[in-house]
Amino acid sequence: MTLMTMLGAVQLGAAAACVVVVLIPMVMAGWHLSRNRILLYCGVLFITLAVCLHLTPYFPSVSDFVTSVSSVVVFDHRSTCINLVNDIAWEVKPNASLHHFNPTHNVSSSLNLYEKRWDWSKSPKHDSCNFQKLSKSDASDLLNGSWVVVAGDSQARFFTLSLLNLILGPQAKRMGSVRADLFKRHSDYSILVHEIGMKLDFVWAPYVVNLTNSMMGFKTKKSYPDVMVMGAGLWHMLHVNNASNYDFALRMLKSSVVSLLPLTASASIKSPHLFWLGMPMLINGMLNTQEKREKMSDRIWHAYDRALGDSRLLRQTGGPLVLLDIQSLTWNCGPRCTSDGMHYDLVIYEAAVQVMLNALLIESHQSL
């Protein structure tokens with residue numbers, strides 16, 4: 001018997017078996033089911049689902065399509081939540097616990113005249129993101145074993161202080177010395193939180209070029225933080241006062257960040273989570289020197305803000321850094337949250353820390 005004859009016999013046998021084992025029982029079952037419409041519909045549905053389930057693995061395009069649709073839905077939800085994470089609503093009202101205010105006291109004490117509360121805006125989209133204020137325990141778990149770097153000017157110092165307040169607790173005995181060391185004029189600061197193995201470095205970097213140099217330093221040493229928060233602009237606005245030059249510096253920073261990221265794509269080195277600490281809204285009439293009022297006008301501020309957008313440094317414009325929107329936070333909190341029109345109440349930076357932590361949860365696919 002030839003090979004072709006044998007193959008033909010096998011195919012004929014398979015067809016006969018299919019008729020006897022599958023088709024005939026299905027026809028008989030269909031005849032019985034046709035007498036009961038509910039049973040008929042259930043049977044048809046069951047058979048259709050069974051066929052689809054068994055055939056899907058043999059059609060990679062179908063399987064890939066289902067997987068890709070699921071991935072797109074998950075990614076889109078994450079992207080939406082990242083875009084919404086800065087949507088903070090404020091409630092600022094007179095502090096009922098203070099019965100009088102002595103105007104001879106330091107001006108900064110006037111901030112205590114108002115009670116400030118914040119929460120994420122309410123809407124179905126915001127609620128689906130499940131934003132929440134992390135406790136000391138939650139934040140410690142999230143940052144356990146991490147190396148965190150915060151680089152920038154005084155805004156970054158306040159952010160660092162707020163983060164350590166959360167991790168260590170505002171009443172911790174260490175916070176007194178931490179604050180004193182952290183606010184030494186124009187200096188760096190490092191701390192190791194032994195309880196959770198978290199290392200935090202504050203890098204004094206008042207100009208964008210300082211941030212670029214820091215990024216290149218990480219690249220040279222082939223050592224990268226797990227989380228990096230950076231931001232600069234106020235010093236440049238006051239001492240250089242050139243939005244075009246600021247734009248160029250931001251583009252150079254973006255190039256250094258982008259050149260760093262491919263090196264962290266390997267399995268041995270994780271890509272760092274990168275954040276941009278935006279500039280606060282400046283209240284010109286409250287600025288404490290004539291030079292600041294002239295060089296840090298609303299017109300100049302908006303020119304610097306446009307430069308940030310044009311540089312495409314931020315995730316929302318296709319860049320690598322997630323924005324911590326200090327502008328929005330300070331604008332919505334208002335003049336009752338600042339004593340000098342530039343430096344704001346610590347509650348602003350506490351909110352920014354929570355924004356960062358929620359973004360980390362989203363980016364790392366974690367939940368509490």
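The protein has 14 helices and eight strands, where helices (H or I, at least four residues) and strands (E, at least two) are DSSP runs numbered from the N terminus. What you're looking at is a predicted model, so local features need pLDDT of at least 70 and side-chain atom pairs count only at pLDDT 80 or more, while totals for chains, interfaces and linings use all residues. Residues are numbered from 1 along each chain as its sequence is written, and side-chain values use heavy atoms, with hydrogens and water left out.

**Overall picture**
- Of the 368 residues in the protein, 40% are buried (buried is under 20% relative accessible area, exposed over 50%, partly exposed in between, with a 1.4 Å probe and protein chains only).
- Among contacts with a separation of 6 or more, 73% are between residues 24 or more positions apart; contact means heavy atoms within 4.5 Å.

**The sheet**
- Six strands make an open sheet in the order S4-S5-S3-S6-S7-S8, with mixed pairing (two strands pair if DSSP finds at least two bridges between them).
- Strand S4 (189–193) and strand S8 (322–324) are the edges, each pairing on one side only.
- From one strand to the next, the twist averages 20°.
- S4 and strand S5 (residues 198–204) are antiparallel partners over five bridges, and leucine 192 has lysine 199 in S5 as its bridge partner.
- Helix H8 (residues 208–221) lies across strand S3 (147–152), S5, strand S6 (227–231) and strand S7 (273–277), at about 155° to S6; axes are lines fitted to C-alpha atoms, for helices over the stretch in contact, and angles run from 0 to 180 degrees between N-to-C directions.

**Aspartate 201**
- Aspartate 201 sits in strand S5 and counts as buried, at 9% relative accessibility.
- Setting aside neighbours within four places in sequence, aspartate 201 contacts Trp147, Val148, Val149, Val150, Tyr189 and Ser190.

**Asparagine 165**
- Asparagine 165 belongs to helix H6 (residues 154–168) and is buried, with a relative accessible area of 15%.
- Not counting residues up to four places away in sequence, asparagine 165 touches Pro170, Met175 and Leu346.
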